[in-house]
Structure formats: structure tokens, C-alpha cells
Amino acid sequence: MKTTFLVAGLLSLAVASQAEMTRIQLKKADLTPAETLQAYAETGSYMAQKYFGSRSRKMKADQANQIFGLDAQGKPSYGVPLSNYMNAQYYGDIAIGSPPQTFSVVFDTGSSNLWVPSTHCNSIACFLHRRFDSNKSSTFKANGTEFGIQYGSGSLEGIISNDNVEIGGIVIKSQDFGESVKEPGLAFAFGKFDGILGLGYDTISALSVVPPFYSIVNQNLVDEPVFAFYLGEAEGSIGGQMTLGGVDTNHFEGELEWHDVRRKGYWEINMKKIRLGDETVELDAGAVIDTGSSLIVLETSLSDMINKQIGAVKNYSGQYTVDCATVPNLPEFAFYFNKKEYTLQGSDYILNAGGNCISGFMGMDFPEQLGNLWIVGDVFLRKYYSVYDLGNDRVGFALAK
């Protein structure tokens, strides 16, 4: 009888533990070839806005520090921008309020705030998306703190509010989030999703709002303070999956390789060198792992060198393109995170947009204060399952399947 009770108890614990890991299915934006080309063409200005706060490529030291959540006095910065719409391809659904109001959001490791359009917004972009109506939620709590985010030539403006947020069945109580009341530009109007759910560190959270995943951990809604991503193929119809509270071994092979976070802002890890074919370049760089970015973004001169080596040439919009027929014979590219090698084939780092083959390597001039920095997006993350361990400040990778 005791054995029966013991087995039953173990089974119930196993079921309870399994229930604590939540799976959220990701959708993939259904972009036309023209929309895809446009998205890649505007990646430079999007990334400058996201990481530098404007299109400008020159920054002062205090501005550079803002990228990691600090101002000139070393205090938390409130001017950290949210990521763009057009450049991100993977998104999923969340719900806010009681009864729940559903929104499609980009789950973005490159920012730290939750933000959706508001019924108080009169911009055209807002009317083309679902908008949060606080009057319809019984659990809504007004905050009213205003925020403004520079985006190109305009400003995204809004207010901070508080309500319950549901992600994959997990309900976060009293989560602060942003309601936009003004959205500039066509990128916001024609984005395939409504808003952003940031998964970066709290040090880069606008107005020091507690990020949603921190709230999930603080409210003991998961067993482990980790989340993970599996992203479907670029040309496939399968979106992918995000898990909260654990990893899904059905989506990767072998063991996870772990890499410590070197600066707590974005999920930035050490990169020791790269390899293209037989040529190796030694580096002392940081690699920001960014699920909200489609490409691999690096310093312009090095990007030009890599693109020249793979036979890429610039088109009319400044994108590097290659002859699609050459893709199977392109050299292998490899990242070395610490001592571990992660390889990409030509078919991984070349993106086919309706017969136009676009290089996944894009150049951008980073401020000197940041040091040598790379932004590693979906080009890499489609091949490698990624895990983000907030409890141990580390990122894990394994070959996706």
C-alpha cells in the first residue's frame, strides 16, 4: 500500500512539474517577397533605432551607456527604444485584462517592455491593429506615467498601465505595460502584429518597469527561471515555439552548451573568433542574441569583407545580394562563443525572398564606447535552439531539430 502511495505521489509530482513548463506556439509573418525585401532593406535604420535610440550613428558616451540601462550618472536610463515591426518575423498571442483581450506580439530578447496599442490612440497605425480598451477590463489599474520613444523622425508616445497578462495559460497578476497613444510611420501601420513583449534584462526596461518574465519568476509561476526558443525555417510555414519555465527536448539534439552573459542588458555573450571557409579572424567581441532581429548585424568594414568573400554585391537599395545558384557552394561560416564552434552553411546565412538571395550579414557602425559588438538574429537562431537562463545569467545553444 505504501508503495502504491509512493508511486502515485511521484506520478503527481511529475505531472505537476511538466505542467509548469508552458509552450507558446509562434506564428510566422506571411510576408510577400516585396515586403520581405523592404524589411531587410530597412534593417539598418531599425537596428540603429532599437540599439542606439535614433538613426544617428554617432553617440556620446552617456548615450552608449543607455544601451545597457545606465545614463551618464550611472542611473537607470528611461529612453531605451522598443524594437521594430517589419524586421521581426516570429510572433505569438498574449491576452491582457479581464475578460482577456488578445494581442499578437513579438517575443523579443532585444528589449524589456510589454507594449500594445491603446483605444486612446488616434494614429492610423493603431486603427489597423487590435487596441487595448481599459474600460472593458475589471482588473485594470490606472498608472498614467507618460513615455515617449524616438522612432526615426517621429515619436511613439504612450502611458504606463497595469492589468493581468496571460501568456500561454500563465496569468501574471498586476503587470505594468505600455499603452501607445501615438504611433508614427508606416512600419507601425503595416506590421503584422500588434506590439512587443520584451524578454531582456530589467536594466534596459523603460521607466524601470518590471519586465513580464521577471514578474513570472517573482510570482512563482514557473519551476525554473528560464525560457527558450525554437524558430522554424525561413522559407517554411511553421512558425516555432517559445517555452517558459523549461526547455523542450523535442526541438534540439544533444546537450546544451552554456555561455555566461557578459553584460546584463541584452543577452550578450563572449565571442572569441569567427571563421569563413578556411580563414579565421580572432575577436574580443560581444554577441547580442536577439530574437527580434532577422539578420546578423556587425561592424561595417567586417561586413563588407565577409560579403565580398561570398561574392555578394550591393543592389539599388544597399542590400548585399548573391546569385542564388551559388548558394550551395558558398563557404561555411562559424561563430566561436568561448571555445565552442557554431557553424552556418550558405543556405543558413543567405535569405531567399522570392528568388532574390539576400546576404544575412549586414553592416552598421557601432559607437566606439560599445566595443566590438555583433547582433545575432534569426539567421543563427533558426539553426540553433536557444535557452535564456535568468537565474544563472547564461545562454544555452543546441542544434535545433
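I began with strand β9, which 5 bridges join to β10 (residues 240–244), the two running antiparallel; strands here are DSSP runs (E, at least two residues; helices are H or I, at least four), numbered from the N terminus, and two strands pair if DSSP finds at least two bridges between them. Within that pairing I found Y230 opposite Q241 of β10. I then looked along β23 (residues 384–389), which is joined to β9 by 4 bridges and is antiparallel to β9, with V387 as the bridge partner of A228.

I noted the basis of these entries: the model is predicted, local features need pLDDT of at least 70, side-chain atom pairs count only at pLDDT 80 or more, and totals for chains, interfaces and linings use all residues. Residues are numbered from 1 along each chain as its sequence is written, and side-chain values use heavy atoms, with hydrogens and water left out.

Is β9 buried or exposed? I found 6 of the 6 residues of β9 (residues 226–231) buried, so the strand is largely enclosed by the rest of the structure; buried means under 20% relative accessible area, exposed over 50%, and partly exposed in between, with a 1.4 Å probe and protein chains only. In a regular strand the side chains alternate between the two faces of the sheet. On β9 I listed V226, A228 and Y230 on one side and F227, F229 and L231 on the other, all buried.

Next I looked up the disulfides, each a pair of cysteine sulfur atoms within 2.5 Å, and the count is 2. C121 is joined to C126 with an S to S distance of 2.0 Å, and the torsion about their S-S bond is about 80°, so this disulfide is right-handed. I found C121 buried at 0% relative accessible area, and C126 is buried at 0% as well.

The sulfur atoms of C324 and C357 lie 2.1 Å apart in a disulfide, whose S-S torsion of about 115° makes it right-handed. C324 lies in the loop between β16 and β17 (333–337) and C357 in strand β20 (residues 356–359), so the pair ties together parts that are 33 residues apart in sequence. I recorded C324 as partly exposed at 27%, whereas C357 is buried at 4%.

I followed β16 and β20 into an open sheet of 4 strands, ordered β15-β16-β20-β19 with antiparallel pairing. Its edge strands, β15 (313–314) and β19 (350–353), each pair on one side only, and K314 stands opposite Y320 in β16.
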